[in-house]
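Dear colleague,

Please find the structure below. My notes on sheets, salt bridges and rings follow it.

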Amino acid sequence: MPEWIKVCESKEMNNSQIIDFDFNDKKILLTKIHGKVYAIDRICTHAYADLSTGFMNEEEETITCPLHMSSFNMKDGIPQNLPAEVPLKTYKTKIEDNIVYILLE
Ligand code: FES
């Protein structure tokens, strides 16, 4: 059953800032783009690279893998260039009373 999990206070997040969040076996990355929070799996789908050490591009709304430079759209997880071909899993988020939540199973 999906459940809203508290991540942090929204004032702790600046635009383009990357926040790591681990929950059970999930490794998730959150970022704020133009004031909205997005959550996505943190491990690249091409090989094992942690995207929290990658490069955010707020204008393009992407995160770029530090290992082979595939970029992923933060909203839908779709890779924008090779070598990655498989989308990253995305998660719903919400902000209530200045608290950031993520919907997880
Ligand atoms: S590990 Fe991310 S593009 Fe290769």
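**Sheets**

Strand β2 and strand β3 (residues 26-33) run antiparallel and are joined by 6 bridges. Strands here are DSSP runs of E with at least two residues, numbered from the N terminus. Within this pair, I18 stands opposite T31 in β3.

A word on the basis. This is a predicted model, with residues numbered from 1 along each chain as its sequence is written. Local features need pLDDT of at least 70, side-chain atom pairs count only at pLDDT 80 or more, totals for chains, interfaces and linings use all residues, and side-chain values use heavy atoms, without hydrogens and water.

Back to the sheets. β2 and β3 belong to an open sheet of 4 strands, in the order β2-β3-β4-β8. Its pairing is antiparallel. Two strands count as paired if DSSP finds at least two bridges between them. β2 and β8 (90-91) are the edge strands, and each pairs on one side only.

Another open sheet has 3 strands, ordered β1-β10-β9, again with antiparallel pairing. β1 (3-9) and β9 (93-96) stand at its edges with a single partner strand each, so one side of each has no neighbour in the sheet. Neighbouring strands of this sheet are turned by 30 degrees against each other on average, direction ignored. The angle is taken between axes, which are lines fitted to C-alpha atoms; angles run from 0 to 180 degrees between N-to-C directions. β1 is joined to β10 (residues 99-104) by 6 bridges, and the two run antiparallel. There, E9 stands opposite I99 in β10.

**Salt bridges**

The structure holds 6 salt bridges. The rule is a side-chain nitrogen of Lys or Arg within 4 Å of a carboxyl oxygen of Asp or Glu.

What does D22 meet in a salt bridge? Its partner is R42, at 2.8 Å from N to O. D22 lies in β2 (residues 18-23), while R42 lies in the loop between β4 (36-41) and β5 (55-57), so the pair ties together parts that are 20 residues apart in sequence.

Is R42 buried or exposed? R42 counts as buried, at 4% relative accessibility. The cut-offs are under 20% relative accessible area for buried, over 50% for exposed, and partly exposed in between (1.4 Å probe, protein chains only). D22 counts as partly exposed, at 43%.

R42 also forms a salt bridge with D50, with the closest N and O atoms 3.3 Å apart. D50 is partly exposed, at 24% relative accessibility. A network of salt bridges links D22, K27, R42 and D50.

A further salt bridge joins E96 and K94, the closest N and O atoms being 3.2 Å apart. E96 is partly exposed at 39% relative accessibility. K94 is partly exposed too, with a relative accessible area of 24%.

**Rings**

K94 turns up again here. Its charged end sits over the ring of Y101, 5.5 Å from the centre. K36 lies over the face of Y38, at 5.3 Å from the ring centre. A charge sits over a ring if NZ of Lys or CZ of Arg is within 6 Å of the ring centre and within 35 degrees of the ring normal.

Best regards
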